Amino acid sequence: MGGKAFGNFGGSGRERARRRGQGQLEAQVLAALHHSPGPATAAWVQERLGGDLAYTTVMTILSRLHAKQAVTRERSGRAYVWTPAADEAGLAALRMRRVLDGEPDRGAVLTSFVSALSAHDEQLLRTLLDRDAADGPGPADGLPAAADLTTADDPAGTEEPPAAPAPGRHHPSDEARGG
């Protein structure tokens, strides 16, 4: 099977593998899977990566991606065929959720994230949150309710809450921007 190689580097296989940064191999494997016409075998992925990686290395990467829920697999004879679990935007969102899940203070992480957004991205996020709030309550995601977030620094509850937040939602940018 011919085709475009993803990540063909010079030197021996071991030298090339060492040059790739952490996560770079996973990104290359995902890119190859996104370019496949359908579910792909590990051998197909190996070939698309330029053939410089051992088959077992490709299988290890695919298995790690499966454990991270970034790819799905199903049996095809004695082998597995692999498919990306989501499009590239969905995989980016999965990575963002994993980072957030790894932090003990979700509110602080979200506040920092939102405070660094451009005005355009902030407005896009507000629009998406408002649309989601209009569709009904969001999933139980472990975040405190909006009232809990707005009074976290004011245990006595003496501060006025922000004006009319979207039902069931809190915009972290409100706190980050002093509102």
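Okay, hi everyone. Before we start, this is a predicted model, so local features need pLDDT of at least 70, side-chain atom pairs count only at pLDDT 80 or more, and totals for chains, interfaces and linings use all residues. Residues are numbered from 1 along each chain as its sequence is written, and side-chain values use heavy atoms, with hydrogens and water left out.

Let's begin with the overall layout. The protein chain has nine helices and two strands. Those names come from DSSP runs, helices being H or I with at least four residues and strands being E with at least two, numbered from the N terminus. If you walk along the sequence, you get α-α-α-α-β-β-α-α-α-α-α. As for burial, 26% of the 179 residues count as buried. Buried here is under 20% relative accessible area, exposed is over 50%, and partly exposed is in between, using a 1.4 Å probe and protein chains only.

Now the strands. How do E1 and E2 pair? Strand E1, residues 71-76, and strand E2, residues 79-84, run antiparallel and share six bridges. To count as paired, two strands need at least two bridges found by DSSP. Two residues sit between E1 and E2 in this hairpin, and Gly77 in the turn has a positive phi of about 70°.

Next, have a look at Tyr80. The charged end of Arg73 sits over the Tyr80 ring, 4.2 Å from its centre. Arg75 also lies over the face of Tyr80, at 4.4 Å from the ring centre. For a charge to sit over a ring, NZ of Lys or CZ of Arg must be within 6 Å of the ring centre and within 35 degrees of the ring normal.

On to the loops. Gln69 is in the loop between helix H4 (55-67) and E1. Its phi is near 65°, a positive value in a residue other than glycine. Is Gln69 buried or exposed? Gln69 counts as exposed because its relative accessible area is 54%.

Pro39 is in the loop between H2 and H3. Pro39 is exposed too, with a relative accessible area of 54%. Pro39 and Thr72 are 33 residues apart in sequence, with their C-alpha atoms 9.2 Å apart in space.

Ala43 belongs to helix H3, residues 42-48. Its relative accessibility is 39%, so Ala43 counts as partly exposed. The C-alpha atoms of Ala43 and Tyr55 are 6.7 Å apart, with the two residues twelve apart along the chain.

Of the 15 residues lining it, the closest to its centre are Leu30, Leu65, Ala70, Leu91 and Arg95. A pocket is an open set of points on a 1 Å grid over the protein atoms alone, with protein on both sides within 12 Å along at least five of seven lines, and lining residues have an atom within 4 Å of a point. Which helix gives the largest share of the lining? That's H5, with six residues.

That's me done, thanks!

How values were computed
1 Å grid on protein atoms, 1.4 Å probe; cavity = no way out; pocket = protein on both sides within 12 Å on 5 of 7 lines; lining within 4 Å.
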